[in-house]
Amino acid sequence: MKELILGGGCFWCLEAVFELLDGVYDVESGYANGEIVYPPTYEIVCSGKSGYAEVVKISYDEDIISFEDLLEVFFEIHDPTTLNAQGADRGTQYRSLIIYQNEEEKSKIDEMIEEIQNNFKDKIVTQVVPLKNFYPAEDYHQNYFSKHPFQGYCSVVISPKVAKAKKLFHLMMSKKF
């Protein structure tokens, strides 16, 4: 089992999409790469002063889904060209972020960004950094979309991302339909 940590706005959005993919066995919402040493809370992270980003930690089987496939999904379901923002979510905690575990992963990420840059009008601003720290988010954030699909934010923001992912990546979701 391999792990990949990604930040691309609200962790609920990323979690809802990545948990649909074949080969993904767990998606945990959390906070990564902040400045404070004690476990952060949602309120601290939302203050924008902690340095943490909302992220998901994806546990996956690379024999079923590749690192590159996960990155492809990531770059399709959020805007990697907006600095510290996704839609109405604003602040450093919503930055686009890929956390790599080794130089091979970093090389693959850099190569993909270079390859897809021409698909975007603006420059990709996704941070590509090593893991500094990761803390799981509070229990009420885990599996949020599946628990609250009709909540306002879920209906307006997350549902369209899930629908887009299903349309674009249905071949990676054969077991989820």
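This report walks through the salt bridges, aromatic pairs and nonpolar cores of the structure above. Keep in mind that the model is predicted.

**Charged pairs**

Side chains of opposite charge can pair when their charged atoms come close. Here the count comes to five salt bridges. Three of them are set out below, with their nitrogen-to-oxygen distances.

| Salt bridge | N to O distance |
|---|---|
| Lysine 57 and glutamate 28 | 3.7 Å |
| Glutamate 35 and lysine 132 | 3.0 Å |
| Aspartate 110 and lysine 106 | 2.7 Å |

Let's start with the pair between two strands. Glutamate 28 and lysine 57 meet in a salt bridge at 3.7 Å. Glutamate 28 is part of strand S2 (residues 24-32) and lysine 57 part of strand S3 (residues 53-60), so their bridge ties together parts of the chain 29 residues apart in sequence. Is lysine 57 buried or exposed? Lysine 57 is buried, at a relative accessible area of 18%; it gets that label because the cut-off for buried is under 20%.

Now for a pair in loops. Glutamate 35 and lysine 132 come together at 3.0 Å. Glutamate 35 sits in the loop between S2 and helix H2 (42-46), while lysine 132 sits in the loop between strand S7 (127-130) and strand S8 (134-136), so this bridge ties together parts 97 residues apart in sequence. Glutamate 35 is exposed, with 55% relative accessible area.

Elsewhere, salt bridges link Glu68, Glu104 and Lys108 into a network.

**Aromatic pairs**

A pair of aromatic rings is described by the distance of the centres and the angle of the planes. Searching the whole structure turns up five aromatic pairs. One of them joins tryptophan 12 and tyrosine 144: the ring centres are 3.6 Å apart and the planes at 5 degrees, so this pair counts as stacked. It links distant parts of the chain, with tryptophan 12 in helix H1 (residues 11-18) and tyrosine 144 in helix H5 (residues 144-147), 132 residues apart. Both partners are tucked away: tryptophan 12 is buried at 10% relative accessibility, and tyrosine 144 is buried at 12%.

Tyrosine 52 and tyrosine 135 pair up edge-to-face, 6.1 Å centre to centre with 65 degrees between the planes. Tyrosine 52 is in the loop between H2 and S3 and tyrosine 135 is in strand S8, so the pair ties together parts that are 83 residues apart in sequence. Tyrosine 52 is buried, with a relative accessible area of 1%.

**Nonpolar cores**

In soluble globular proteins, nonpolar side chains tend to be buried together. The largest nonpolar core here has 47 residues, and the members touching the most other members are Leu6, Phe18, Leu21, Ile58 and Leu70. What does leucine 70 touch, leaving out residues up to four places away in sequence? Its contacts are Leu4, Phe18, Leu21, Val24, Ile58, Tyr60 and Ile65. There is also a second, separate core of seven residues, including Ile5, Ala53, Leu97 and Ile99.

Key
Residues are numbered from 1 along each chain as its sequence is written. This is a predicted model: local features need pLDDT of at least 70, side-chain atom pairs count only at pLDDT 80 or more; totals for chains, interfaces and linings use all residues. Side-chain values use heavy atoms; hydrogens and water are left out. A salt bridge is a side-chain nitrogen of Lys or Arg within 4 Å of a carboxyl oxygen of Asp or Glu. Helices (H or I, at least four residues) and strands (E, at least two) are DSSP runs, numbered from the N terminus. Buried means under 20% relative accessible area, exposed over 50%, partly exposed in between (1.4 Å probe, protein chains only). Rings of Phe, Tyr and Trp (its six-membered ring) pair if their centres lie within 6.5 Å; planes under 30 degrees apart count as stacked, over 60 as edge-to-face and the rest as tilted. A nonpolar core is a set of buried Ala, Val, Leu, Ile, Met, Phe, Trp, Tyr and Cys residues joined through side-chain atoms within 4.5 Å. Contact means heavy atoms within 4.5 Å.
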